[in-house]
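Q: Could you take me through the reading of a structure feature by feature, giving the general idea and then the case at hand?

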Amino acid sequence: MSADIQQFPQSASEFESFVRNGLEGFIRHAFSHLGNIEDAEDIVQDVLLKAFRNRSELNGITRPLNYVHRMISNSCMDLIRRKETRETFIRLSTKEPFQGCEEPVESSMIQKEKAMRVNIMLENIPADQSLVIRLRLVEEMSFADIADITSSPVTTVKSRFSYGMSKLRSGLYKKKEAYDTL
């Protein structure tokens, strides 16, 4: 067995030492994925907090450093996907051209057409899922704020968002496949 095999830190002092020794590398790792130090620090903080809270469940992990790096990679990829999805959604659902931009009439018409398509797609999924997606991506609200607004548990809001996004994605793929066959 390799010398780097050890148990996941269980006590607060063990975890503190683990973080102190690995923090700089964790942040560099996240930064290499994201290219933004603030996002990298946020991801590392969230991952370490999650790892600390779940440390008793991670007791069987024999390479904790590798495990935390994998958690960071996964969280970074999730953040990148969320940002890409949000940017695409906003770009497609913007009804008017950005203020101060002189866009040709054709471009404005294309933007309006895209916005109409996004609205139609949102109308074809359950209203509760559509509402959560609009609040999350357009209004940039947190899941907790959306839960307050809809009087739903945060877990329900998250599942509505996830199911709604899945339906939107599958609808996009089905339409793409239909166009590809023409």
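This is a predicted model: local features need pLDDT of at least 70, side-chain atom pairs count only at pLDDT 80 or more; totals for chains, interfaces and linings use all residues.

The dialogue below goes from the overall fold to helix packing and then to individual serines.

Q: What share of the residues is buried, and what share of the contacts links residues 24 or more positions apart?
A: Burial is judged by relative accessible area, with under 20% counting as buried. Of the 182 residues in the chain, 28% are buried. As for contacts with a sequence separation of 6 or more, 63% of them join residues 24 or more positions apart.

Q: How should I describe two helices that pack against each other?
A: Two packed helices are described by the angle between their axes together with the distance between those axes. Here helix 1, residues 12–34, packs on helix 2, residues 37–53, at an angle of about 145°, and their axes are 9 Å apart. The crossing of helix 1 past helix 2 is right-handed.

Q: Which residues make the contact of helix 1 with helix 2, and how do they divide by class?
A: On the side of helix 1 the contact is made by A12, F15, V19, L23, F26, I27, A30, F31 and L34, while helix 2 contributes I37, D39, A40, E41, I43, V44, L48, A51 and F52. By class, the contact of helix 1 with helix 2 comprises 16 nonpolar residues, no polar residues and two charged ones.

Q: At what angle do helix 5 and helix 6 cross, and why is helix 5 called oblique to helix 6?
A: The axes of helix 5, residues 127–138, and helix 6 come within 10 Å and cross at roughly 135°. The crossing of helix 5 past helix 6 is right-handed.

Q: Which residues make that contact, and what are their classes?
A: The contact is made by L131, V132, L135 and R136 of helix 5, together with F143, I146, I149 and T150 of helix 6. In the contact of helix 5 with helix 6, six residues are nonpolar, one is polar and one is charged.

Q: Where does S152 lie, and is S152 buried or exposed?
A: S152 lies in the loop between helix 6, residues 143–150, and helix 7, residues 154–181. Its relative accessibility is 13%, so S152 counts as buried, the limit being under 20%.

Q: What does the side chain of S152 contact?
A: The side chain of S152 makes a polar contact with the side chain of R160, at 3.1 Å. When residues up to four places away in sequence are not counted, S152 touches A147, V157 and R160.

Q: Is S130 buried or exposed, and what does its side chain reach?
A: S130 lies in helix 5 and, at 7% relative accessibility, counts as buried. The side chain of S130 reaches the backbone oxygen of L122 at 3.4 Å. With neighbours within four places in sequence left aside, S130 is in contact with L122 and I125.

Q: How are S159 and S162 placed in helix 7, and how far are they from V132 and I133, respectively?
A: S159 is found in helix 7 and is partly exposed, with a relative accessible area of 29%. The C-alpha atoms of S159 and V132 are 9.7 Å apart, although these two residues are 27 residues apart in sequence. S162 also lies in helix 7 and counts as partly exposed at 40% relative accessibility. Between S162 and I133, 29 residues apart in sequence, the C-alpha to C-alpha distance is 8.8 Å.

Definitions and conventions. Residues are numbered from 1 along each chain as its sequence is written. Side-chain values use heavy atoms; hydrogens and water are left out. Helices (H or I, at least four residues) and strands (E, at least two) are DSSP runs, numbered from the N terminus. Buried means under 20% relative accessible area, exposed over 50%, partly exposed in between (1.4 Å probe, protein chains only). A polar contact is a pair of N or O atoms within 3.5 Å; within protein, one must be able to donate a hydrogen and the other to accept it, and residues adjacent in sequence count only if both atoms are side-chain atoms. Contact means heavy atoms within 4.5 Å. Axes are lines fitted to C-alpha atoms, for helices over the stretch in contact, and angles run from 0 to 180 degrees between N-to-C directions. A crossing is left-handed if the near helix is turned anticlockwise from the far one by less than a right angle, and right-handed if clockwise. Ala, Val, Leu, Ile, Met, Phe, Trp, Tyr, Cys and Pro count as nonpolar, Asp, Glu, Lys and Arg as charged, and the others, Gly among them, as polar.
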